[in-house]
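Opening the notebook on a new model today. I want to look up cavities, helix packing and aromatic rings, in that order.

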Amino acid sequence: MPEEAIDSLSFIKSHWTAWWILGVAHKRVQSWRSLYVCLSVLANVMVTVGYPLHLALSLFRNRTLTEDILNLTTFVTCLACSAKCLIYAYNIDKVARMEQLLRLLDERVRGKKQRAIYGNVKLQLRIVLYVFIAIYMPCGLFAELSFLFKEQRGLMYPAYFPFDWLTSTRNYYMANVYQIVGISFQLLQNYVSDCFPAVVLCLISSHVKMLYSRFEEIGRDPSIDAEKQLEDCITDHKRLLELFRCIERLMSVPMFIQFTVTALNVCISIAALVFYVSEPMARMYLIFYALAMPLQIFPSCYFGTDNEFWFGRLHYAAFSCDWPQQGRSFKRKMIFFVERSLKQSTAIAGGMLRIHLDTFFSTLKMAYSLFTIIIRMRK
């Protein structure tokens with residue numbers, strides 16, 4: 001039975017499809033590139049810039065407190081989403097280099113043990129996909145239901161339009177079509193901005209585990225040059241570190257933005273549920289919204305922690321090989337590798353926060369601290 005081909009790039013094809021729809025993949029468009037660029041600019045001006053703007057112009061100017069809260073939480077999320085998308089668009093060239101490194105690492109996968117490790121990646125990334133579906137579907141559903149069950153004309157999200165949508169049927173439908181299409185566009189931006197780092201970190205983690213396995217096999221087969229095996233493993237380690245630094249630079253600012261937005265929106269959502277909102281559909285929306293915000297950062301934090309753990313164990317793998325039987329040159333190279341591998345590899349968001357489970361829980365603690373401030377202000 002032929003062995004399954006190793007192709008890490010298959011896990012990020014959906015992200016390139018999303019980037020193509022979002023107008024970011026202009027360098028991969030071969031035909032009608034000028035038309036694609038024009039449509040991309042138009043779509044991003046209308047939605048990436050226009051959507052948060054039309055929400056911002058209505059801040060604290062709505063008919064009810066519930067609408068003000070819904071307007072505020074949506075505005076903060078959409079503004080962060082647009083900022084993250086623009087940052088990814090500016091740095092999209094880094095993805096091509098990451099793909100090159102992943103191809104080189106895929107070529108090094110050998111044996112049943114390494115393929116079993118790679119096989120687990122599919123399960124992990126399927127879980128990540130289900131997490132993001134669980135995030136977006138209930139939020140979109142209850143936002144739509146709260147809109148449909150309104151007794152009088154209203155918008156899905158309270159916002160400003162430069163025309164009278166309340167009394168004109170045509171303008172009313174125009175406003176709602178813009179909001180539905182716009183929020184779908186923003187959800188796609190949010191998916192690719194939050195899911196892509198988690199996918200790449202998961203792939204890095206799996207390749208580090210496979211490198212660990214290759215280190216353990218060095219010197220076990222007398223017919224293979226052990227020193228050449230060691231050199232190949234050191235090269236793999238360099239490529240993994242370069243890949244890790246590429247994804248760190250790409251996601252650093254977007255993850256910092258997401259940490260901040262998560263703390264703020266969880267706090268606002270819980271405060272609204274406890275003190276202000278009484279409509280059933282609005283309450284259900286805020287419950288799922290408060291749960292969804294932490295879930296957006298959890299996969300990246302989890303795999304960031306996994307990366308740090310496995311990078312930190314590689315020196316153990318080096319000493320698990322058959323090094324006592326090797327020559328002076330082999331041992332010198334191994335010592336150099338071990339010294340380099342002792343340096344901690346931790347992804348940092350915004351130059352300040354670790355992309356780590358500790359930061360995930362710190363974000364929730366920050367939301368709770370902001371909530372206690374609101375309680376004291378009410379008293």
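This is a predicted model: local features need pLDDT of at least 70, side-chain atom pairs count only at pLDDT 80 or more; totals for chains, interfaces and linings use all residues.

**Cavity.** I looked for cavities of 30 Å³ or more and got one. The largest cavity holds about 240 Å³ of space. I count 18 lining residues, and Thr-77, Ile-183, Leu-187, Asn-190 and Tyr-289 sit closest to the centre. Who supplies the lining? I find at least two residues each from α3 (65-90), α5 (111-148), α6 (169-217) and α8 (280-311), with α8 giving the largest share, five residues.

**Helix packing.** Next I checked α3 against α7 (residues 226-276): the axes are 10 Å apart, at an angle of about 170°. Angles over 145 degrees count as roughly antiparallel, so that is what I call α3 and α7. Their contact has 18 nonpolar, five polar and one charged residues.

**Aromatic rings.** My search of the whole structure turned up 19 aromatic pairs. Phe-11 and Tyr-118 have ring centres 6.1 Å apart and planes at 50°, so I logged the pair as tilted. Phe-11 lies in the segment before α1 (13-22) and Tyr-118 in helix α5, 107 residues apart. Both Phe-11 and Tyr-118 are buried.

Tyr-302 is partly exposed at 35% relative accessible area, while Phe-303 is buried at 4%. Ring pairs link Tyr-302 and Phe-303 into a cluster with Phe-298, Phe-360 and Phe-361.

How values were computed
Residues are numbered from 1 along each chain as its sequence is written. Side-chain values use heavy atoms; hydrogens and water are left out. On a 1 Å grid over the protein atoms alone, a cavity is a set of points where a 1.4 Å probe fits but cannot get out, and a pocket is an open set with protein on both sides within 12 Å along at least five of seven lines; lining residues have an atom within 4 Å of a point. Grid points are joined across faces, edges and corners, and a volume is the space filled by probe spheres set on the points. Helices (H or I, at least four residues) and strands (E, at least two) are DSSP runs, numbered from the N terminus. Axes are lines fitted to C-alpha atoms, for helices over the stretch in contact, and angles run from 0 to 180 degrees between N-to-C directions. Angles under 35 degrees count as roughly parallel, over 145 as roughly antiparallel, 65 to 115 as roughly perpendicular and the rest as oblique. Ala, Val, Leu, Ile, Met, Phe, Trp, Tyr, Cys and Pro count as nonpolar, Asp, Glu, Lys and Arg as charged, and the others, Gly among them, as polar. Rings of Phe, Tyr and Trp (its six-membered ring) pair if their centres lie within 6.5 Å; planes under 30 degrees apart count as stacked, over 60 as edge-to-face and the rest as tilted. Buried means under 20% relative accessible area, exposed over 50%, partly exposed in between (1.4 Å probe, protein chains only).
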